[in-house]
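Okay, everyone, thanks for coming. Let me put the model up, and then I'll walk through a few spots.

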Amino acid sequence: MPVIVDPDKCNGCHNSKQPPCVRMCPGDLIVKDFQTNKAYLKYFEDCWDCLPCIKACPEEAIRFQLSYQMGFFSASLQPHIHRDRQNITWTLVDAHGHKEEFNIRTKVLEVALDERIEGEPTPDFSI
Amino acid sequence: MERPDQQSIQRITHDTDILIIGGGTSGCLAATEIKEKYPHLSVTIVEKAHVDRSGCLAAGMNAINAYLNPGETPESFVKYVRYDSCGLIREDLVQSMAELFEYSVKKVEGWGLPILCDESGNYAPRGRWNIKINGESLKPIIAKAARDSGAKIHNWVVVTDLLMSGERCAGAVGFSLRHNTFYTFRAKATIVATGGAAGLYKPNNAYDAQHKTWYSPFNNGAGYAMGIRAGAEMTSFEMRYVALRTKDAIAPTGTLALGVNAPLVNSKGERFMQTRYAHLGGDGAPTPYRAYGPIQEVKAGRGPCYLDTTHITDEQSRQLKMAYLDMYPSQVLYWAANDIDPARHPVEVQTTEPYIVGGHCQGGYWVDIDRQSTVPGLYAAGDVAGGAPFKFVSGCWAEGILAARHAGKEVQSMALPEVDHLQVETAYQRCFDPLFNHGKVKYGVKPYDMEVRMQKIMEEYAGGTSQNYEMNEERLQLARKYMDQLPGQFDQLVVADMHDLMRAHEVMDRVVVGQVLIEHLMARKETRWPSYQTRTDYPERDDLNWLKFVNTRRDRSSGKIEVLFRPYQQLVPGDRYHPGAKPHPKPN
Ligand SMILES: Cc1cc2nc3c(=O)[nH]c(=O)nc-3n(C[C@H](O)[C@H](O)[C@H](O)COP(=O)(O)OP(=O)(O)OC[C@H]3O[C@@H](n4cnc5c(N)ncnc54)[C@H](O)[C@@H]3O)c2cc1C
């Protein structure tokens, strides 16, 4: 399973109908479960590993993990977007626990917690 | 989303001057250009995902791969691309996009894209035609510009068919993934910019990594399919793109080959491109040979093959990882998980499933210099447009801009074309059939089941990876026979929600594209692009008979695919099999 939403960290972006991870997935693979108020990767076998969901998550609640056939889970890679939105820092931990950080210039745009959908019959979104 | 019922589907008709199908790289640039040059025109983008992160650019980008570095000209670019594509391209198209590289790159830089510069303030080159960027957020930057331009954006609307008014394209229809809505978009001009097609052949990986493809698995060739159904002429599908990529992760290798000058080596450490393909340019040979070479090494028992990075320093290794983080982060995690350090270990490579991508190769709509297709009122830009390989991100921008300028001019004093009601009803039926009507079928077929069936046929008979991309007349005939059975089974496709309805349309589109691809592969009786198009029964290149384009057109009523040939025109003088003089020596 390439990206995993950590249910302990995900707060469903409060009462957002379309949290950022749901909106930013280019394959429409993530959904929010309104019973648990948490998002999850519904169609895990269709994931492209492109990571917009992880970058857009305000709680940093989504973990990137290779499919097991690509290699064991002992390594990890997580991005962190700086407050100034001009830098992204990736933390890489290899299979031996060795940690490396990469700070890269970027220009990350703000992603709102929710968004009105064009053409929605009854636009009742509340954030 | 719960299973929608027929009654719950609302219909929205939206009229616009110019409709853009696909809010990717070229679609967004087309929108901004129209609004800039013709602010009074209404522009509508229809995108099946969310424009902020949709299409090929979802993960980001680390270079602009087509740019005229100091000293280069549109003509020198044409010479190189012609060489790289084995002597056959639409030179008019390639030249016209090169003329807009500077304009489009400056534009996107102005929107905030960080481009790396060298000490003298020039853009930092990577190889002859690339410049380095920090493009992790390239797509949201472009999407914001499209939004700010005043274009109306419909996210999560999947376009299923074009609308026609007589012989003229008059818009398109689609359905929403988010609310139960069927859309009719009526337009004076339509620009299709849906990208290329992945998923026609068996993918490199299986199960939960089946979409660990290089090309976006969500670009299913919808734009080709809707054009084919509307009778638009397509060109050069047979120039499939078989990419040389890193093992398993399937990440682009230009970052290694151009970024740190890593040569190809086989398992014996031999630089086989230099020894066996020296006459074609060695490591700088045309791109098809850089896939063909390693395949032959593996066949001959000298695999696996690598891009040898072991000469680089630890600092360079770090830089390399940073370059991948901007474009393809999973490569870095793959190395970490598998104990691979490119400074110490050469990077293993493999070749991909064949894709149809008009931006790397030249399969796509047959267009004129203004990017008008053969259907009046319908334009094509980016990976969906044919004849102009080596587009990459900047060529896609240029094509969006060219289409926009002409479409904007064309619709100035035009009324909205009439669309008859019956046509919309037929499109509505086709759109929702898998959701409503096919439900009556007792044992349905899932979209994924049909996808696997299609991929199996294409893989085994039409030159998939496991066949070393080879094919002959007899196998192609079987491919045609079995692929031709699939449309008759579309009425067995059964889905329960809008997401799966999208998957159903994706596979139906892929089948249509696959059928046309087979006709192209059968028609070209030579081998022009080894590995992209390897005909074992016609193994040689044959300029005498085949220096021309293979085109197809599907008859709108009978559905029969007709093959046509279009002449090649040399506009830039010089040896077509020579890359042309380099104003600057290549870094070694
Ligand atoms: C992994 C990867 C890395 C790359 N790296 C580089 C690089 O570093 N430098 C470079 O120059 N080039 C690079 N390229 C190439 C470049 O990204 C593409 O050539 C370019 O993005 C294609 O632009 P496009 O507008 O044609 O397609 P896209 O940008 O993919 O846009 C197509 C859009 O159409 C939408 N769409 C598809 N079907 C439908 C439908 N039925 N209805 C509505 N919308 C639909 C899609 O969701 C998508 O948003 C890379 C490509 C890939 C795949």
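**A threonine, a hairpin and a helix pair**

Let's start with Thr534(B), which sits in strand β18 (residues 534–535) of chain B; strands here are DSSP E runs of at least two residues, helices are H or I runs of at least four, and both are numbered from the N terminus. Quick background: this is a predicted model, where local features need pLDDT of at least 70, side-chain atom pairs count only at pLDDT 80 or more, and totals for chains, interfaces and linings use all residues. Residues are numbered from 1 along each chain as its sequence is written, chains are lettered from A and ligands numbered from 1 in the order written, and side-chain values use heavy atoms, leaving out hydrogens and water.

Is Thr534(B) buried or exposed? Buried, at 11% relative accessible area; buried means under 20%, exposed over 50%, partly exposed in between, with a 1.4 Å probe and protein chains only. A polar atom of its side chain lies 2.6 Å from the backbone nitrogen of Ser531(B).

Over to chain A. Strand β2 (residues 30–33) and β3 run antiparallel, joined by 4 bridges; pairing takes at least two DSSP bridges. Val31(A) has Tyr40(A) as its bridge partner in β3(A). In the hairpin, with 4 residues between the strands, Asn37(A) takes a positive phi near 60 degrees.

Last stop: the axes of helices α4 (residues 101–110) and α12 (residues 392–410) of chain B come within 9 Å and cross at roughly 100 degrees. Axes are lines fitted to C-alpha atoms, for helices over the stretch in contact, with angles from 0 to 180 degrees between N-to-C directions.

Terms used: A polar contact is a pair of N or O atoms within 3.5 Å; within protein, one must be able to donate a hydrogen and the other to accept it, and residues adjacent in sequence count only if both atoms are side-chain atoms.
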